[in-house]
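This briefing sets out selected features of the structure shown below. The points are grouped by topic for use alongside the sequence and the model.

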Amino acid sequence: MRYQRPLPRDTGRARAAKKHHTRAAQRFINCKNSTEKLELLFYANFDSPLSCFVTYTYDEEHLPRSRDSAKANIAKANEQMRREKRRRGEPFPYVYTTEGSARAAAETADVGGNPWEVCPWEVPEQWEELSGKPTEWGNGEVRLHHHAIMLLSEQDCDTLRAAWPYGDVHISRIKVDDMHSFERLASYITKDSRAGKTKTGERSYTPSEGLIQPEVHGRWVEEYEDIVPPKGAILISEMREENLYSSYHQCSFILPREAEIKEEYRSPYRTRKRKQ
């Protein structure tokens, strides 16, 4: 990502224009609790054929009375899985979120029967709604449930189901070779936060301890240096904006698994200087 910062010699109009791009760039950089940060976390920890999307549901008998009770249930199940994986000498990375309401009406109970809840990539027409304020069901209420991203073998899947006595467990393999999978799942996991359903300052997801944290680097560049993905990279998304005083360019790309960048990447190209 490249953007221009205000300089002391700039006029008021130029500084305002550059600050506009600076704020846009800062939103992308400062993504501690954002979709972009979660997407990077997925790439760093779950880019594996074992990567799964898991949905935990509740039956009538075990429906929690509050979100806190639901979170205690998922924490207990995760701890049971962690002990089993530790016994086998294996790590247990995960990220999960809790959604829904204990006050959901009876007609919204069948979370497991909704493809959007158990295998969301099979409902492509609903992905567009994630950019706004989505509602899960017609009345905006859905029974309490959990979504998780985990690395699971076939044996792990059986153990996971046995560790959840409160309802059903739906497990789907994530299409990690689809370059948009983690981007979409990050949007899915954080949709409650964008919809204003979480408290101020509350993170919309819970990661396990010991996850690999993505490293973010930055440097000052020459004014007209552009961003060009390295050879062999797959472009995921790109955004470019320009006005009389300033410009903003952001792109996301992934490298093939066998590719490595040994030194700090520098773009070999520059943008043309704008005419005054």
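**Briefing**

Glu 154 has a relative accessibility of 56% and therefore counts as exposed, a term for residues over 50% relative accessible area; buried means under 20%, and partly exposed lies in between (1.4 Å probe, protein chains only). The model is predicted, with local features requiring pLDDT of at least 70 and side-chain atom pairs counting only at pLDDT 80 or more, whereas totals for chains, interfaces and linings use all residues. Residues are numbered from 1 along each chain as its sequence is written, and side-chain values use heavy atoms, with hydrogens and water left out.

**Overall composition**

- The protein contains 7 helices and 8 strands; helices (H or I, at least four residues) and strands (E, at least two) are DSSP runs, numbered from the N terminus.
- Of its 276 residues, 42% count as buried.
- Among contacts with a separation of 6 or more, 77% join residues 24 or more positions apart, where contact means heavy atoms within 4.5 Å.

**The sheet**

- Five strands form an open sheet with antiparallel pairing, in the order S5-S2-S4-S3-S6; two strands pair if DSSP finds at least two bridges between them.
- Strands S5 (169-173) and S6 (206-207) stand at the edges with a single partner strand each, so one side of each has no neighbour in the sheet.
- Strand S2 (residues 51-56) is joined to strand S4 (residues 145-151) by 6 bridges, and these two strands run antiparallel. Within this pair, Cys 52 lies opposite Met 150 of S4.
- Strand S3 (residues 94-99) pairs with S6 over 2 bridges, in the antiparallel sense. Val 95 has Pro 207 of S6 as its bridge partner.
- In a regular strand, side chains alternate between the two faces of the sheet.
- In S2, 6 of 6 residues are buried. Ser 51, Phe 53 and Thr 55 lie on one side, with Cys 52, Val 54 and Tyr 56 on the other, and both faces are covered.

- Glu 154 is found in helix H5.
- The buried residues Asp 156, Cys 157 and Leu 160 belong to H5. They span an arc of only 105° around the axis, which puts them on the same side of the helix; the arc is that of the directions from the helix axis to the C-beta atoms.
- Facing away from this buried side are the exposed residues Glu 154, Asp 158 and Ala 162.
- S2, H3, S4 and S5 are the elements against which the buried residues of H5 pack.
- Helix H3 (residues 67-87) and helix H5 (residues 154-162) pack at an angle of about 145°, with axes 9 Å apart. Axes are lines fitted to C-alpha atoms, for helices over the stretch in contact, and angles run from 0 to 180 degrees between N-to-C directions.
- This contact involves Met 81, Glu 84 and Lys 85 from H3, together with Asp 156, Thr 159 and Leu 160 from H5.

- Helix H2 (residues 35-46) has 12 residues and reaches 16 Å from first C-alpha to last, close to the expected 16 Å; the expected span is 1.5 Å times one less than the number of residues.
- Thr 35, Leu 38, Glu 39, Leu 41, Phe 42, Asn 45 and Phe 46 are the buried residues of H2. Viewed down the helix axis, they fall within an arc of 160°, so they line one face of H2.
- In helix H6 (residues 181-189), 7 of the 9 residues are buried, so the helix is largely enclosed by the rest of the structure. Its buried residues include Phe 182, Leu 185 and Tyr 188.

**Gln 213**

- Gln 213 lies in the loop between S6 and strand S7 (234-242). Its relative accessibility of 46% places Gln 213 in the partly exposed class.
- Not counting residues up to four places away in sequence, Gln 213 touches Lys 37 and Leu 41.
- Gln 213 and Asn 45 are 168 residues apart in sequence, with a C-alpha to C-alpha distance of 8.5 Å.
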